[in-house]
Amino acid sequence: MKSLDQIEARTPVSSLPFTISAGGSYYLTKSLSVSSGNAITIAASGVTLDLNGFEITSTEASPSHSGILINSGLANIRITNGQIRGNVTFNGSTFSGSGFANGIQTTGSAPTNAHVSDVAVSGCLSQGINLGGAGLVESCTVNTIGGTGISADNVIYCEAYVCGSVCISASSNVTGCNAGAASTAFAAIQSGGMVTGCYAIGSPSTSQATIAAQIARDCYAIADGGAGDALYANTAENCNGFAYGTGSGIHCYQAAINCYGTSSGTATAVNAAGSAFNCYGVAGSGTGISAVTAENSYGVSNNTGIVANTAVGCYGSNSVGTSSITSIGISALNATGCYGTSTSGIGLQANSAINSSGLTGGNATGIYGLTAFSAQNCFGQSTASSGGYGLQAAVASFCFGGGSSNGAGITVSEIAYACVGNPSVAGSERYFCAPNPSYP
């Protein structure tokens, strides 16, 4: 014969409120409800609570308590497999209703070695699952939460939607999560470490972002309005950021690698304070890509396609020009192997241009396909019907410039070597290699 402990070595929870005052394994026997107060209080370390697939609910008129409250300073807590539900709803601007203030809440110092898994929390006025920035939350869902959806050290494979504050907040890492914020003031996913393989949508305010992290990899973020960025990180790799408000699509204070960003406002689509490698940026009236170093990148804008100190192997396009010198395809101190085009502004502008090309459709004075202090092995051209200029430089070598019918192919203020400049009209040539025209 087996003892009852051998058959079911767990303590049943069959009524609420219930306080767990000793370590051990506990399980719900059915769905349970309270009219006020905390439903379950964990007051001991070494506790496993299995909700057993059942639901905990509350009818408290003014929510101020929790479905599960974890007392201060506990260790080795596991909560799994069930639902915690309040009756709070969101009308588009305000969270209100009865039930729980919090789904799972820790009070005082955060628990050590806490693990919450396979729990769904909904309709709470304040917090969804809050481990005080500690522990692990795994495979959980929260929905319609007036404050933060999930707060832990690590959050993996979770979903959080319609949260009044940050949907998912992690001290360390967030992996494989989806989030959608209800508030326009906060991030949907926020991490002090790495965010990997996540999708989020929000309308963040200034200085906020839909996804904010130290490192972001393989993420997809949308700022669906608001002045914040879609994705903001120290380093972003293989990420997509779409800003439909006035923020940036991808904003990095070090490097953006293999990233795609858009901005429909005045902000930069891909904004990297360090480097942008293999990136694509599409902006409205802002800049397509801005970086200290841009390499193998593509920037398109109604203003300037790419702005960088050093641009290597890049393509920049100003797609809608206004015959303004400020409308530029690529603007860089040093451009190597680059191609810049502008509808009516400067195609490529650089201090030093090597093996690069610039094309403009502009026909106003001072609008060149390519302009640089030093140009080597470069090509500049204007496709304007008249008055367009090809290439302008102080020093030019092995360069070709094509102007319009009455525009200069090349103008050189100091030295020109092995250069050719001509109008675009077939059968005519014009050499502008001043002040020494003996080198055409």
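I looked up R217 first: R217 is partly exposed, with a relative accessible area of 35% (buried is under 20%, exposed over 50%, partly exposed in between, with a 1.4 Å probe and protein chains only). The model is predicted, so I kept to its limits: local features need pLDDT of at least 70, side-chain atom pairs count only at pLDDT 80 or more, and totals for chains, interfaces and linings use all residues. Residues are numbered from 1 along each chain as its sequence is written, and side-chain values use heavy atoms, with hydrogens and water left out.

I then searched the whole structure for salt bridges (a side-chain nitrogen of Lys or Arg within 4 Å of a carboxyl oxygen of Asp or Glu) and got three.

Entry, E237 and R217. Their side chains form a salt bridge at 3.5 Å, N to O. E237 is in strand β26 (residues 229-237) and R217 in strand β24 (residues 209-217), so the pair ties together parts 20 residues apart in sequence. Strands are DSSP runs of E, at least two residues, and helices are runs of H or I, at least four, numbered from the N terminus. I noted E237 as partly exposed at 26%.

Entry, R10 and D50. I found their closest N and O atoms 3.2 Å apart in a salt bridge. R10 sits in the loop between α1 (4-7) and β1 (11-13), and D50 in strand β6 (residues 47-50), 40 residues apart. D50 is buried at 14%, while R10 is partly exposed at 27%.

Entry, R85 and E55. I read 3.0 Å between the closest N and O atoms of this salt bridge. R85 is in strand β9 (residues 75-85) and E55 in strand β7, 30 residues apart.
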